[in-house]
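Dear colleague,

I am handing over the structure we spoke about, and below it you will find what came out of going through it. Please have the model open while you read.

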Amino acid sequence: MIIERRWDVLVVGGGASGTLLVTQLLRNAPGPLRVALVEREARTGPGLAYSTPHSSHLLNVPVGRMSAFPDDPEHFLRWMRRVEPGTAPGDFVARQRYGQYLEALLRESRRAAAPGVVLELIRGEVSALSEEDGVVRVALAQGPSLEARAVVLALGNAPPADLPVDGGGLFESAHYVRSPWAPRALEHIEPHHSVLLVGTGLTMVDTVLSLAERNHEGRIHALSRHGLLPQVHRPNVQPRPPPRFSEPRSVRALFHALRREIEGLPEGSDWRCVVDGLRPVTSSLWRGLPVPAQRRFLRHLRTLWDVHRHRMASSVADTLAQLRRAGVLHVHAGRLRGFQMLDGGWVEARARPRGVVFEATFRVQHVINCTGPDCSFRGQPLLRSLLESGLARRDALGLGLSTDEGGALLDGQGRASALLFTLGPLRRGELWESMAVPEIRDQAAALARRLWRELAARPDAFASRDVHPLS
């Protein structure tokens, strides 16, 4: 197989973040541009988030807000109406559909690209990056090294870390599911088995839906420190202009301003319009807080924010309510203390219920980790090698990587790279809102413009067209 050995832009990660960026690069390139997209999985486009096989997994944002393009807000709605006529802007459709949309975007953008604008899809896993003579050397876990004039990390969310308690042998057993998103993660769970889900956010919701699709009738326990489920979307909620916030800003001041705004709403209005109205300014508000204030938010208000900001569709909430009424799903507030393996394939989980001093126990046959992505970079050799080599550094909160305002990585000395960039979840520590498509599409459009501008200004602009065999 013959491929380009050197590209103008090489994007690491072919999920939603990488696809949105590549699409912007291909559709609007002002001159010749060679782009490579490296993805370790067989499918390029959906990534982990949108490749779910479960039709019950719905988008958490309505169709009308999920366009890939900031300047064409109805793009996804029009696409959906071609495959499902009658789709309304406020509908919550299966996430499978969005994965298909992303695949279609790649195909269409590649086909419609201007002469000299080329995309190469490469199946592989990037294990290390290094800079040499103004280019980035890209090492694959298997195969030859590649070169690019700019590299963008579009890695999405990491899998969860093991739960931070004494596992008592659980973590090495077949009774533990470290990530419900792993292929065939739930296949060995029989419908009559009892299950403990650790975490009560959207990952837990999706896991319950997956089990329900398999006609699960055994008891499902869901445990988190606060026992809070995601709030529910309401139809026809229009975002309000964000309130004015006083200076200097603090977490307490922002919280009280929001409460005043909600309490002052006209009768019949809904708090959701205030929370949704913050979306365009959340990142600027976050950057305006000093790091100690950001840490206080993460410690005291993160859960409250998440359940109000990241909501579920009303049909999903109805399913969960039915399972609770039927005695299948039980939600608990408490702190997990540890596990012990018992005879006969049972697991005893110990927890301290919220507000009391004694421990409670759950006897289940499976434990599923629904706590969300691991920010430690364990199990991510590429990111660890970047930190060890000084080409990147952690953000101040330890949620991702430090970047400048446009997504260029900051090295160990705090200098912005001209060669290495990122977008999406790796910028969460510095932007906070950097996980969902509406924010990532804006980052993708801005980063594409930056890459065109900076590559065109460099002396080797759009150079090196030689092709080389992979082996």
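**The sheet and what packs on it**

In this predicted model, six strands form an open sheet with mixed pairing, in the order 5-4-3-9-18-17. Strand 5 and strand 17 (408-410) are at its edges, and since each has a single partner strand, one side of each is left without a neighbour in the sheet. From one strand to the next the twist averages 35°.

Within the sheet, strand 3 and strand 4 run parallel and are joined by four bridges, and Val9 is found opposite Val35 of strand 4. Helix 1 lies across strand 3, strand 4, strand 5 and strand 9 (151-153), at about 165° to strand 4, while helix 13 lies across strand 3, strand 4, strand 9, strand 17 and strand 18 (416-422), at about 145° to strand 18.

**Cores and domains**

The largest nonpolar core has 47 residues, and those with the most contacts inside it are Leu21, Leu25, Phe76, Tyr98 and Val152. Among the elements that give two or more residues to this core are helix 1 (16-28), helix 3 (95-112) and helix 13 (437-457), and helix 13 provides the largest share, eight residues. Apart from this core lies another, of 27 residues, including Val177 and Val316.

The domain assignment divides the chain into domain 1 (6-158 + 375-457), domain 2 (176-231 + 312-369) and domain 3 (251-306); the C-alpha centres of domain 2 and domain 3 are 29 Å apart.

With best wishes

Notes. Residues are numbered from 1 along each chain as its sequence is written. This is a predicted model: local features need pLDDT of at least 70, side-chain atom pairs count only at pLDDT 80 or more; totals for chains, interfaces and linings use all residues. Side-chain values use heavy atoms; hydrogens and water are left out. A nonpolar core is a set of buried Ala, Val, Leu, Ile, Met, Phe, Trp, Tyr and Cys residues joined through side-chain atoms within 4.5 Å. Buried means under 20% relative accessible area, exposed over 50%, partly exposed in between (1.4 Å probe, protein chains only). Domain bounds come from an automatic or database domain assignment. Two strands pair if DSSP finds at least two bridges between them. Axes are lines fitted to C-alpha atoms, for helices over the stretch in contact, and angles run from 0 to 180 degrees between N-to-C directions. Contact means heavy atoms within 4.5 Å.
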